[in-house]
Amino acid sequence: MNHIAVAIDGPSGAGKSTIARAAAKAMGFVYVDTGAMYRTIGLAVSRRGISIGEPEKVLPMLDENVTIGLAYDDAGVQHVLLNGEDVSSLIRTPEMSMYASFVSAIPEVRAFLLDTQRNLARTTSVIMDGRDIGTVILPDARVKIFLTASTEARAKRRLLELQEKGEDVTYEAVLSDMIQRDKQDSERAAAPLRQAEDAVLVDTSELTLEQSIDAVLQQIRAAVEEER
């Protein structure tokens, strides 16, 4: 069987990473969290004291030997490395979510990460999630899924996720950040968030996590059968 690329796109908080990770494990595919890559660039930007809205200061930083790497532990969990440092736990905050949205709107940042993302899909079967995987990164992906949910459902899920990590946040703050993130992602000039014409829409607003994973796996398994 040839390598199969699965592109999962959708707004922040739709459960893309959790569902894609579970589906990749079930299929034996490599999971690639592109959002984590942008969050990591955002962390590097934040550490240099660059404020959101100063893209001209980001470009020189990319030439300063900034390296983004992916590593996988024995359980297959992806870890993101910034210049060799595992920053996986540092990038999952509302602040880094906004920084990710900021840097992902910069064409040079997208180009910086593009080859890394495409090379992974050339060498192995992958499930890659983000906001422009099916439209820009992997336009020829065998399976394309647009994963979404209502803003309220996404905010509630993100709130629980942050609270479980000990973050002191409110639903109102999370909802506000999510609405702002959606606006930035859908209106940005560089690869805005949108559903690819040939993507299957999966709305998880009323689905449990297990049901959401099953819905995605159905699409992937159908494609695998066709390849055999």
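Leu 82 stands opposite Glu 85 in strand E5, where a strand is a DSSP run of type E with at least two residues, a helix is a run of type H or I with at least four, and both are numbered from the N terminus. The model is a predicted one, in which local features need pLDDT of at least 70, side-chain atom pairs count only at pLDDT 80 or more, and totals for chains, interfaces and linings use all residues. Residues are numbered from 1 along each chain as its sequence is written, and side-chain values use heavy atoms, with hydrogens and water left out.

Strand E4, residues 78–82, pairs with E5 in the antiparallel sense over two bridges, and two strands are said to pair if DSSP finds at least two bridges between them. Three strands in the order E3-E4-E5 form an open sheet with antiparallel pairing. Strand E3 (68–72) and strand E5 (85–86) stand at the edges with a single partner strand each, so one side of each is left without a neighbour in the sheet. Helix H2, residues 34–47, packs on the sheet and touches E3, E4 and E5, contact meaning heavy atoms within 4.5 Å. The direction of H2 makes about 30° with that of E4, given that axes are lines fitted to C-alpha atoms, for helices over the stretch in contact, and that angles run from 0 to 180 degrees between N-to-C directions.

A cavity is a set of points, on a 1 Å grid over the protein atoms alone, where a 1.4 Å probe fits but cannot get out, and its lining residues have an atom within 4 Å of a point. By this rule there are two cavities of 30 Å³ or more, with grid points joined across faces, edges and corners and a volume taken as the space filled by probe spheres set on the points.

The largest cavity holds about 80 Å³ of space, and its lining includes Thr 34, Gly 35 and Tyr 38. The elements that give two or more residues to this lining are H2, helix H4 (94–104) and helix H8 (171–187), and the largest share, three residues, comes from H2.

The second largest cavity has about 40 Å³ of space, and among its lining residues are Lys 144, Ile 145 and Phe 146. Strand E1 (5–9) and strand E7 (143–148) are the elements that give two or more residues to this lining, and E7 gives the most, with three residues.

Terms used
1 Å grid on protein atoms, 1.4 Å probe; cavity = no way out; pocket = protein on both sides within 12 Å on 5 of 7 lines; lining within 4 Å.
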